[in-house]
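Hi there,

Here is the structure I promised to pass along. Please have it open while you read the notes below it.

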Amino acid sequence: MKTSMSRSRRAAVAVALASVLALTATACGDDGSGAGGDKGSEGSGKGKIVFWDNNGGVRTDGWEEIIADFEKAHPDIDVEYVGIAATEYQSKGDTALQGGGLPDVGGVGAAMLAGFSAQNALEPLDGRLAKSSLNGLLNKDMLTSLKAAGGRDGRLYSVPTSANNGVLYYRTDLFRKAGLEAPTTWDTFFKAAAELTDAGRNEFGYTIRGGAGSIAQALDAIYGQSGITSFWNGDKTTLNDPENVAALEKYAGLYKKATPAADVNNDFTKMVAQWDSGTIGMLNHNLGSYQDHVKAFGADRFRGIPLPTQPDGKRVQVSNPVDGLGLFKSSENKEAAWKFIEFAASRAENSKFNESAGQVPANTQAAQDAWVQKSEPTKLAAQALSDGSTTIVQLPYYLPDWNTISKADNEPNFQKVLLGKMSAKKFLDTLADQLNKAQAEWKQQG
């Protein structure tokens, strides 16, 4: 008879397992060869499967609820939970690819999908989805993002579970006091940033992200202003298009004029904490910080809306990494693993998970649930992703060097732009050159 594992015990086991992943090889049905192309088998649809959570600790409680629900609905299947911190997940996966020990199911978001699919480690899911009760119920833009991130064959290697869309938070009380319109367009955004700033009183219109994670936020501001809707023009990136250069000049020009000087070192935690201190008008972050702002201000002193639009109401934004679940090809129990993926992406479970995570559900029925309608930022984000008002510029997550180029290689250069030590054109030309070379190498390898 199946016994329930307590939450604390599960967490302890997860930590222990994460440090000895090689020992999971036999439990996963991996033959120990480490070959990404191991075909595995469908299995009996019963017994044990291993699930790797790619954001262990942060999302552990949510996944444990889903696992408990799944095991109740499928008493002949046991799910072994392995929680791995997001910062360690890629290296753990690479180690397992080389030495054996991949799970049956794992969290596989857009940002790391290319690494797994390029090594033939994941099962294509198009055929399974076509025959599933989920068919037609998953957000089309999220599916598109994951297919694009999966590589050159355009197949689906991860079933989407959620997206953490960009949000512009603004202080409604400060806007009312200043007689300003809501910052729904880029023109009203820049106007508000200037008019809400009084540096002598430590009041600023905006807080900009200058430290870790700055590039993604800057790209949203660049493409959002220029209205360019594709990251590539043939084999060359549009990143350093003159319109994008002008957009970056305007955005970076906010630094110290409408933002605190300390913003040059802001990662998301510093930026959110600074905005929650109460003297800044606007913040660009995502849905994940909504509850922090509710605690700081109460729900009636701020709003969280989709990113600003063009004058004609059209919105352009870069693709936020979509999270999802992948089925590893080496699994010896693919039938049971697929049942778990289907269950986790079903309306009830996808809704429950995203309510706790504060993200946009991938299941379109879940996106209509009451909690989404009550949480205005999530409701508006879900609408923006599904009502045709938003064009998504798909970032090249499929490039093996994308994370390195867009983070370690260029975040210091973005700080130089803010400090006036590098021009916006030089910054974008440098970034574009690296990406064009990475794209050419990727095509040659194909």
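Below is what turned up on the cavities and on one of the sheets.

Please keep in mind that this is a predicted model.

Searching the whole structure gave two cavities of 30 Å³ or more. The largest cavity holds about 90 Å³ of space. Its lining is split by class into five nonpolar, five polar and one charged residues. If you want to find the spot on screen, Asp 141, Met 142 and Ser 145 are among the lining residues, as are Asn 165, Gln 317 and Leu 385. Helix α7 (residues 140–149) supplies the largest share of that lining, three residues.

The second largest cavity has a volume of about 40 Å³. Around this one sit Leu 168, Trp 186, Phe 189, Tyr 206, Tyr 251, Asn 284, Leu 307 and Pro 308.

Four strands form an open sheet in the order β6-β9-β5-β10, and their pairing is mixed. Strands β6 (204–207) and β10 (303–305) are the edges, each pairing on one side only. From one strand to the next, the twist averages 20 degrees. Inside the sheet, β5 (residues 166–170) and β9 (residues 280–286) run antiparallel and are joined by five bridges. Tyr 170 stands opposite Met 282 in β9.

Finally, have a look at helix α9 (residues 186–195), which lies across β5, β6 and β9. This helix runs at about 120 degrees to β6.

Definitions and conventions
Residues numbered from 1 in each chain as written. Predicted model: local features only at pLDDT ≥ 70, side-chain atom pairs only at ≥ 80, totals over all residues. Heavy atoms only, no water. 1 Å grid on protein atoms, 1.4 Å probe; cavity = no way out; pocket = protein on both sides within 12 Å on 5 of 7 lines; lining within 4 Å. Points joined across faces, edges and corners; volume = space filled by probe spheres on them. Helix = DSSP H or I, 4+ residues; strand = E, 2+ residues; numbered from the N terminus. Nonpolar A, V, L, I, M, F, W, Y, C, P; charged D, E, K, R; others polar. Pairing = 2+ DSSP bridges. Axes fitted to C-alpha atoms, helices over the stretch in contact; angles between N-to-C directions. Contact = heavy atoms within 4.5 Å.
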